[in-house]
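Please keep the sequence and the structure in view while reading.

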Amino acid sequence: MAASLTDQAIELLVKSGLPMLPSKGSSKGSCVRWKPFQERLPSVGELRDWGLRFNPDRWGLVTGKLSGIVVADFDGDAGRTLMQKWGISPHVRTGSGGF
């Protein structure tokens with residue numbers, strides 16, 4: 001049986017120490033305030049509670065110092081030019097046409 005999204009988020013938290021937060025609907029925003037999780041990891045109990053309370057469509061990752069993951073967003077012609085100048089190969093194309 002496949003693990004639920006909440007179980008997958010808990011696994012990422014426990015095995016990799018990644019701060020996962022619930023998200024729902026068409027907004028990219030989190031169901032909970034994300035700022036505190038730049039400084040501390042959520043607990044397994046918090047993830048379970050959020051999974052039950054919000055039934056999230058997806059779980060997002062808080063990027064930055066705690067997670068050790070940085071995301072760069074290159075939008076428009078200026079962004080594309082800078083990306084090419086820095087020799088960066090994008091991993092994802094955004095909905096707005098950026099990288």
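A polar atom of the serine 23 side chain lies 2.9 Å from the backbone oxygen of glycine 29. A polar contact here is a pair of N or O atoms within 3.5 Å; within protein, one must be able to donate a hydrogen and the other to accept it, and residues adjacent in sequence count only if both atoms are side-chain atoms. The model is predicted: local features need pLDDT of at least 70 and side-chain atom pairs count only at pLDDT 80 or more, while totals for chains, interfaces and linings use all residues. Residues are numbered from 1 along each chain as its sequence is written, and side-chain values use heavy atoms, with hydrogens and water left out.

Serine 23 belongs to strand β1; helices (H or I, at least four residues) and strands (E, at least two) are DSSP runs, numbered from the N terminus. Serine 23 counts as buried because its relative accessibility is 4%, where buried means under 20% relative accessible area, exposed over 50% and partly exposed in between (1.4 Å probe, protein chains only). Leaving out residues up to four places away in sequence, serine 23 touches Lys28, Gly29, Cys31, Pro56, Asp57 and Arg58, contact meaning heavy atoms within 4.5 Å.

The rest of β1 is covered as well. Met20 and Pro22 are buried on one side of the strand, and Leu21 and Ser23 on the other. β1 runs antiparallel to β2, and 4 bridges join them; two strands pair if DSSP finds at least two bridges between them. In this pairing, proline 22 stands opposite tryptophan 59 of β2.

Apart from neighbours within four places in sequence, methionine 20 is in contact with Ala9, Leu12, Pro42, Leu47, Trp50, Trp59, Gly60 and Leu61. The largest nonpolar core has 13 residues, and Met20, Leu21, Leu47, Trp50 and Trp59 have the most contacts inside it. Such a core is a set of buried Ala, Val, Leu, Ile, Met, Phe, Trp, Tyr and Cys residues joined through side-chain atoms within 4.5 Å. Two or more residues of this core come from each of α1 (5-16), β1 and α2.

Helix α2 has Leu47, Trp50, Gly51 and Phe54 buried. Seen down the helix axis, the buried residues of α2 fall within an arc of 100 degrees, so they line one face; the arc is that of the directions from the helix axis to the C-beta atoms. These buried residues pack against α1, β1 and β2. Leu52 and Arg53 are exposed on the face of α2 turned away from its buried side. Just after α2, asparagine 55 has a positive phi of about 45 degrees.

What aromatic pairs does a search of the whole structure find? There are 2, where rings of Phe, Tyr and Trp (its six-membered ring) pair if their centres lie within 6.5 Å, and planes under 30 degrees apart count as stacked, over 60 as edge-to-face and the rest as tilted. Phenylalanine 37 and tryptophan 50 have ring centres 5.5 Å apart and planes at 85 degrees, so this pair is edge-to-face. Phenylalanine 37 lies in the loop between β1 (20-23) and α2 (44-54) and tryptophan 50 in α2, so the pair ties together parts 13 residues apart in sequence. Both phenylalanine 37 and tryptophan 50 are buried. Phenylalanine 74 and tryptophan 86 also pair edge-to-face, at 6.0 Å centre to centre with 85 degrees between the planes.
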